[in-house]
Amino acid sequence: MRDTPLSNCERLFLLKAIEETKRLDGRQTYDYRNIKITFGTDYGCCIVELGKTRVLCQVSCELVPPKDSRPTEGLVLFNLELSPMASPAFEPNRQSELLVTLNRQLERCLRNSKCVDTESLCIISGEKVWQIRVDVHVLNHDGNLLDAASIAAISALSHFRRPDASVLGRDITVYSPEERDPIPLSIYHMPICVSFAFFLQGSYLLVDPCEREERVMDGLLVLAMNKHREICSIQSSGGIMLLKDQVLRCSKIASVKVSEITELINKALKNDKKVRKEGGKFGFAESMPKDRITTLKRDETPVEMADVNETAEEILNRTETTTEPVPSPVLCATGTAQVGEGVVNSWGLEEEEDEEDEHQMTEDRKTADDVMVISDSEEEEVIILNQEPQKSKKRGKQK
């Protein structure tokens, strides 16, 4: 599945923000995202969170025959995997160009820099040596995978403990952690990658680019350095021409960032060692925040209970007590009730008024049926409103 490309509006917005020295997440130009290092229950298991980018690293070991060219040195292998869980753009079981580039840069940073003492991994020269395997799994991709992978790999190598072994003649005995304490690896130094993204043909520079910034960058410079300011590897991609002053400025920035990250790794290792020694709880489950959803959960609020009785008495004294009895309900009509004095129920009164109006209308109709003679002058002008009674009288006379 291909990743959704950026629209022209998004691209122009990102470039315009970079020109104004602004970033989407509010960071400054040379700021890293928050780095969190967490160790698992087993030795050599580590999760590194670089902002929203999450990387899991697991270190394992086994006894294997050495190489013929170097019979007294152990082996260190690195393997980085991009799963669709990290991003929809990553396809399973397929060697993409990004995956090959990340594996090569990780090997160049850690293995070629000789940060691990491989001669201490030899058991029997030319026959058995320890092979250290470093598996890096990307859990979530939000940019700058190489820096997160390098931090996770060197942290896991520093945290790893291999089993102790003894040689008796040609027999090799590997002891379990219960029989003998595991032995840590001999780490000479901690090389860490620092990525620099260039925009608008090298006019603008950003440290630790996020995923959207990587889409609009013109070039990428990766410096692998330790806290002693020794450059272990350098890699430039994108096809842009960099000046000598730009590379020197990036190396100075990288030296500061590497010192800070190395101190963070040592602090995390020290805390994990202290917790394990004290017998406390450790591992991923203890480091993750517990977000529980409960229906009856309430935040406890501290309440001062020293003068509760006095405050209650004051409130009772200030309230006005009503000594008047409460009147009983009065039934005004069917289905209605009235409580208290001065309250008039209009429903029953309206019904009574309607009955009086109907009674008055019926009386008016009865009076209107009679003969009414109105004389306005001395002349005999008679107005007959109802002639039916007169006709009935005339018919009676004729009969």
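**Group meeting talk: a walk through a predicted model**

Hello everyone. In this chain, confidence is highest in helix 3, residues 145–159, at a mean pLDDT of 95, and lowest in helix 9, residues 388–398, at 50. Here pLDDT is the predictor's confidence in each residue, from 0 to 100; helices (H or I, at least four residues) and strands (E, at least two) are DSSP runs, numbered from the N terminus. Residues 373–379 have a pLDDT below 50, and beyond near neighbours in sequence this stretch has 5 contacts in the model, a contact being heavy atoms within 4.5 Å. Where pLDDT is low, the predicted coordinates should not be read in detail. For the chain, the mean is 81, with 74% of its residues at 70 or more.

Some housekeeping. This is a predicted model, in which local features need pLDDT of at least 70 and side-chain atom pairs count only at pLDDT 80 or more, while totals for chains, interfaces and linings use all residues. Residues are numbered from 1 along each chain as its sequence is written, and side-chain values use heavy atoms, with hydrogens and water left out.

Let's go back to helix 3. How does it cross helix 5? The axes of helix 3 and helix 5 (residues 244–278) come within 11 Å and cross at roughly 35°; axes are lines fitted to C-alpha atoms, for helices over the stretch in contact, and angles run from 0 to 180 degrees between N-to-C directions. Helix 3 contributes Ile151, Ile154, Ser155, Ser158 and His159 to the contact, and helix 5 contributes Ile261, Ile265, Leu269, Asp272 and Arg276. By class, that contact has 5 nonpolar, 3 polar and 2 charged residues. For these classes, Ala, Val, Leu, Ile, Met, Phe, Trp, Tyr, Cys and Pro count as nonpolar, Asp, Glu, Lys and Arg as charged, and the others, Gly among them, as polar.

Now for the open spaces. On a 1 Å grid over the protein atoms alone, a cavity is a set of points where a 1.4 Å probe fits but cannot get out, and a pocket is an open set with protein on both sides within 12 Å along at least five of seven lines; lining residues have an atom within 4 Å of a point. Grid points are joined across faces, edges and corners, and a volume is the space filled by probe spheres set on the points.

The largest pocket has a volume of about 900 Å³. Of its 27 lining residues, Phe90, Glu97, Leu98, His141 and Glu214 lie nearest the centre. Helix 2 (97–110) gives the largest share of that lining, 6 residues, and the lining divides into 11 nonpolar, 9 polar and 7 charged.

The second largest pocket has about 310 Å³. Its lining counts 15 residues, with Arg70, Gly74, Val76, Arg111 and Lys114 nearest its centre. Strand 4, residues 75–82, gives the most here, with 4 residues.

What about cavities? The whole structure holds 1 cavity of 30 Å³ or more, and about 40 Å³ of space lies in the largest cavity. Gln105, Arg108, Cys193, Val222, Ser233, Ile234 and Gln235 line the largest cavity, and strand 14 (231–237) supplies the largest share, 3 residues.

One last stop: which residues does glutamate 119 touch? Glutamate 119 sits in the loop between helix 2 and strand 5 (122–124). Not counting residues up to four places away in sequence, glutamate 119 touches Thr72 and Glu73. Glutamate 119 and threonine 72 are 47 residues apart in sequence, yet 6.0 Å apart in space, C-alpha to C-alpha.
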